[in-house]
Amino acid sequence: MSDNEKVTHFGYQQVPWQEKQQKVAGVFRSVAGKYDVMNDLISMGSHRILKRMTIELAGIRPGHSVLDLAGGTGDLAIKFSRLVGETGNVVLADINDAMLEVGRDRLIDAGCSHNTQVAQVNGECLPFEDNSFHCITIAFGLRNITDKDAALRSMLRVLKPGGRLLVLEFSTPTNKALAKAYDAYSFAVWPKLGKMIVNDADSYQYLAESIRMHPDQDTLQGMMDSAGFARTEYFNMLGGIVALHRGFKF
Amino acid sequence: MSLKDQSRSPGLLSTTALATAERAINTALRTDPATAGKLAVHSGRLVAIEVTLPPLAIYALIVEDGVELYHRSDATADVAVKGNPMDLAAQLLDWNTRPGVIGGPVQITGNSDLLQELQALARQLHIDWGALLEPITGSELAQQLDYGARQFFGWARQAASRLVDQLGDYVGNESGLIPSRREVYEFGQDVDDIRMDVDRLDARIQRLRAARSGSNEH
């Protein structure tokens, strides 16, 4: 099957393979200005705690090179910039120019411009040399990439041997009652909040749907194994609503 | 940090507690720009605090606008302090110490000058409660609350100091749980006396043994 005939999901819709990237870009252009406010509202602040837990498992030391992929508004990149210090380097990368613009401004405001770079990249074909980074993080971003297997292979290529990938992403709740409550909350409340705050209910309807279409914990771990990552594991957070996957390159 | 440590799942509650503590410290620092500015000079330094009971490690990274707290770090700390929570608090916040009650030994490794400078900054920190409360209560009430808070914390510090003194007196003099300096000295003297008595007895036994073996040979 040629790329022109292939289809993929965009939320619950089936769309041509080539179109998903543009559609996702449209979602993030629409919400970029109030992305952090919306994240705080829909997660009730918990996304900040989940990102802290990601940072703690990242094992960043002064002098390290870190790629924060799909880094959007830069909240992880700011923390990494401080952890790697003067001798380290952080790249804030995202495919979306509107999100990167917000992230770049936040990095400058936080005094992090001395050891950070901003790059507009496609996660499926990262434009970095082999073995460039000690750590790659992708927080709530893998879900939106069309070819996740290609993206994982690309991340493995640019990791240094001994380096690690951390994928923080919505996943599958481990408890049925929690799953029902979470479904009710996300489908009923998120689009309404989106309508109120950014005048865009569709983007948050897409968010709720795309989470359900994303591979569950074990499937994603298998995908990381297939891409060539070693010692893969995952940590369920908030009862599996979010999972943090980790894998190493050896 | 060992691989075993790295594979431990980070705890949601403990991470939330640490985030709350970090927020409280940074909010306090924002109300005292002079101290915050002096702290910012040490930006990039890492302080490890290891509490022995309950076992807990906290890493404080000093950044330009305050501190960031973490439960784990792969970086080498500039200075590490280890001890029980009360002894650490007494050491870091310069509380009134009383051997046997509070202010016991704290293990310090690394740059102790940095630790002393941070202790001095903690003592100097002057929280402007008025500035914190003004957006909520308005300036007049905020000033009153600021005054009240200063009075309260001043009283609380004095009360805590008195409590430590009285506990020290009780534990040291009345309960008999902790010996006084004189009692320790007398105990040492008694031990020395017994040791000398035992040495003398041992010498006498050796002499008697030698005399007995000499008479048997005749």
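**Note on chain B and its interface with chain A**

1. Read from the N terminus, the elements of chain B follow the order α-α-α-β-β-β-β-α-β-α-α-α-α. The model is a predicted one. Of the 218 residues in chain B, 25% are buried. Among contacts in chain B with a separation of 6 or more, 60% are between residues 24 or more positions apart.

2. Helix 5 of chain B covers residues 112-124, and its 13 residues reach 18 Å from first C-alpha to last, close to the 18 Å expected at 1.5 Å a residue. Buried in this helix are B:Leu114, B:Leu115, B:Leu118, B:Gln119 and B:Leu121. Viewed down the axis of helix 5 of chain B, the buried residues fall within an arc of 160 degrees, so they line one face of the helix. The N-terminal end of helix 5 is capped by B:Asn111, a side-chain oxygen of which lies 3.1 Å from the backbone nitrogen of B:Asp113.

3. At the interface, 23 residues of chain B are in contact with 21 residues of chain A. The two chains bury about 2000 Å² between them, 57% of it on carbon and sulfur atoms. Five residue pairs are in polar contact between chain B and chain A, counted with both residues at pLDDT 80 or more. Helix 1 (3-6), helix 2 (12-30), strand 2 (56-63) and strand 3 (66-70) of chain B each give two or more residues to the side that touches chain A. Helix 2 of chain B gives the most, with six residues.

4. The structure holds 16 salt bridges over all chains, and six are found across the interface of chain B and chain A. One of these joins A:Arg82 and B:Asp65 (3.0 Å, N to O). A:Arg52 and B:Glu22 form another, with their closest N and O atoms 2.8 Å apart; this pair runs from helix 3 (residues 46-58) of chain A to helix 2 of chain B. Both partners are buried: A:Arg52 has 8% relative accessibility, and B:Glu22 has a relative accessible area of 9%.

5. A:Lys79 and B:Glu68 form a salt bridge with their closest N and O atoms 3.7 Å apart. A:Lys79 lies in helix 4 (residues 75-84) of chain A and B:Glu68 in strand 3 of chain B, so the pair joins two chains. A:Lys79 counts as buried at 19% relative accessibility, as does B:Glu68 at 2%. A network of salt bridges links A:Arg52, A:Lys79, A:Arg82, B:Glu22, B:Asp65 and B:Glu68.

Key: Residues numbered from 1 in each chain as written. Chains lettered and ligands numbered in written order. Predicted model: local features only at pLDDT ≥ 70, side-chain atom pairs only at ≥ 80, totals over all residues. Heavy atoms only, no water. Helix = DSSP H or I, 4+ residues; strand = E, 2+ residues; numbered from the N terminus. Expected span 1.5 Å × (residues − 1). Buried < 20%, exposed > 50% of the residue type's maximum accessible area, 1.4 Å probe, protein only. Arc of directions from axis to C-beta. Polar contact = N/O pair within 3.5 Å; in protein donor to acceptor, adjacent residues only side chain to side chain. Contact = heavy atoms within 4.5 Å. Buried area = accessible area lost by both parts, 1.4 Å probe. Salt bridge = Lys/Arg side-chain N within 4 Å of Asp/Glu carboxyl O.
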